[in-house]
Amino acid sequence: MHSIVRSSRVIIERMCAKVSLTKRKYDNTDGIASELFNLSRVIIESGTIPTRSRHAKTKAKEKLYSAKRVKQEPELISIAGKNAIKKAVDKLQAGKVIAIPTDTVYGFACSANNPEAIRQLYEIKGRDELKPVAICVATVKQLQHCGEAEHLEEQLLEDLLQEAVTIVVKRKTTLNPMLNPEEPNIGIRIINYGFVQDVCKEFQQPIALTSANKSACKSSLNIREFEDLWPYLGAVFNGGQLSLSDEQRVGSTVIDLSVSKFYKIIRAGVSVERIIKIVEKHNIRLDPKLVPLLVL
């Protein structure tokens, strides 16, 4: 032990000497030098190497964690209440992450044009930063503004958007580059749910949207199922129990229509069979790359 202390003492004294030399050129090393000299004195006087306790390390981690995610009193708002739409739009414009009901499950939503709000969305959900999120818009025209959908007939889009579907197309440069960076495609929803439709129309910008739950946990059909996350949200908009069927927890069907004349199911969600019938009715076929080759 004494040899370790002596070695540590020598190392610290050398470091102190280097800091002192550096201090002649830079004036911002006073704190570093002071800490090193204090540590050296403790070792010399006590003959021991001070270490941080497990409790101190835990408290430091808790302090860092709480600094990253600030808790606040949750604001619960009924979607049937007066000015609920305006309140939701105001929260989005203020850069808040809010919880909203959709045609499938509850979702976390924020402005797709606000990088800080997007960062908070990922942090609250605990989502992998490389995993993209979809956006929600009000109209086919807005969908075409954010993604390359000119090869898709408007009637096809109108038919599809009656269902719980996320359409994946190539993204346009008009979309915020900080949203899903390096990702060439974008998933877009036009949600067939009155409250969300009204919020999208009033907000007039794309809204980033993901399910209201921690990553890898089940989706939520009522607001109590993500109650532990309320304190990190700008508001929770309550639309009641969305369904009693666990089958609805799978969310929307995600279909890739980025290649003309072909489709690919990325996620088989609600009403996937009807969605396939709709696209095939419009002469869009399964991507041949997904059809197994026959070995003769």
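Visitor: What separates Lys86 and Asp90 in helix H4?
Guide: About one helical turn, because Lys86 and Asp90 are four residues apart in helix H4. Helices here are DSSP runs of H or I with at least four residues, strands are runs of E with at least two, and both are numbered from the N terminus. The model is predicted, so local features need pLDDT of at least 70 and side-chain atom pairs count only at pLDDT 80 or more, while totals for chains, interfaces and linings use all residues. Residues are numbered from 1 along each chain as its sequence is written, and side-chain values use heavy atoms, with hydrogens and water left out.

Visitor: Why is the contact between the side chains of Lys86 and Asp90 called a salt bridge?
Guide: The term requires a side-chain nitrogen of Lys or Arg within 4 Å of a carboxyl oxygen of Asp or Glu. For Lys86 and Asp90 the N to O distance is 2.9 Å, so the pair qualifies. Side chains of opposite charge can pair when their charged atoms come close.

Visitor: What makes Asp90 partly exposed?
Guide: Its relative accessible area is 34%. Buried means under 20%, exposed means over 50%, and partly exposed is in between (1.4 Å probe, protein chains only), so Asp90 belongs to the middle class.

Visitor: How many salt bridges does the structure hold?
Guide: There are 10. One of them joins the side chains of Glu75 and Lys91 at 2.9 Å, N to O. Glu75 sits in the loop between helix H3 (54-68) and strand S1 (76-78), and Lys91 sits in helix H4 (residues 84-93), so this pair ties together parts that are 16 residues apart in sequence. Glu75 has a relative accessibility of 31% and therefore counts as partly exposed.

Visitor: Which residues form one network with Glu123 through salt bridges?
Guide: Start with Arg119 and Glu123, whose side chains meet in a salt bridge (2.9 Å, N to O). Both lie in helix H5 (residues 115-125), four residues apart, about one turn of the helix. Arg119 is partly exposed at 37%, and Glu123 is partly exposed at 21%. Glu116, Arg119 and Glu123 form one network, joined by salt bridges that share partners.

Visitor: Why are the buried residues of H9 said to line one face of the helix?
Guide: In H9 (residues 272-281), the buried residues are Val272, Ile275, Ile278 and Val279. Seen down the helix axis, they fall within an arc of 120°, so they line one face; the arc is that of the directions from the helix axis to the C-beta atoms. On the other side of H9, Glu273, Lys277 and Lys281 are exposed.

Visitor: What do the buried residues of H9 pack against?
Guide: They pack against helix H7 (154-160) and strands S6 (165-171), S10 (253-256) and S11 (262-267). Contact here means heavy atoms within 4.5 Å. Just after H9, Asn283 takes a positive phi of about 60°.

Visitor: What makes Phe226 buried?
Guide: Its relative accessible area is 1%, so it falls under the cut-off for that class. Phe226 is in the loop between S8 and strand S9 (235-238). Leaving out residues up to four places away in sequence, Phe226 touches Ala99, Tyr106, Phe108, Ala212, Ser220, Leu233 and Val236. Phe226 and Tyr106 are 120 residues apart along the chain, with their C-alpha atoms separated by 9.2 Å.

Visitor: What share of the protein's residues counts as buried?
Guide: Of its 296 residues, 43%. The protein has nine helices and 12 strands. Among contacts between residues at least 6 apart in sequence, 63% join residues at least 24 apart.

Visitor: What is the volume of the largest pocket, and which residues are closest to its centre?
Guide: The volume is about 850 Å³. Of the 38 lining residues, Arg127, Pro132, Thr210, Val254 and Arg267 are the closest to the centre. A pocket is an open set of points on a 1 Å grid over the protein atoms alone, with protein on both sides within 12 Å along at least five of seven lines, and lining residues have an atom within 4 Å of a point. S7 gives the largest share of the lining, four residues.

Notes
1 Å grid on protein atoms, 1.4 Å probe; cavity = no way out; pocket = protein on both sides within 12 Å on 5 of 7 lines; lining within 4 Å. Points joined across faces, edges and corners; volume = space filled by probe spheres on them.
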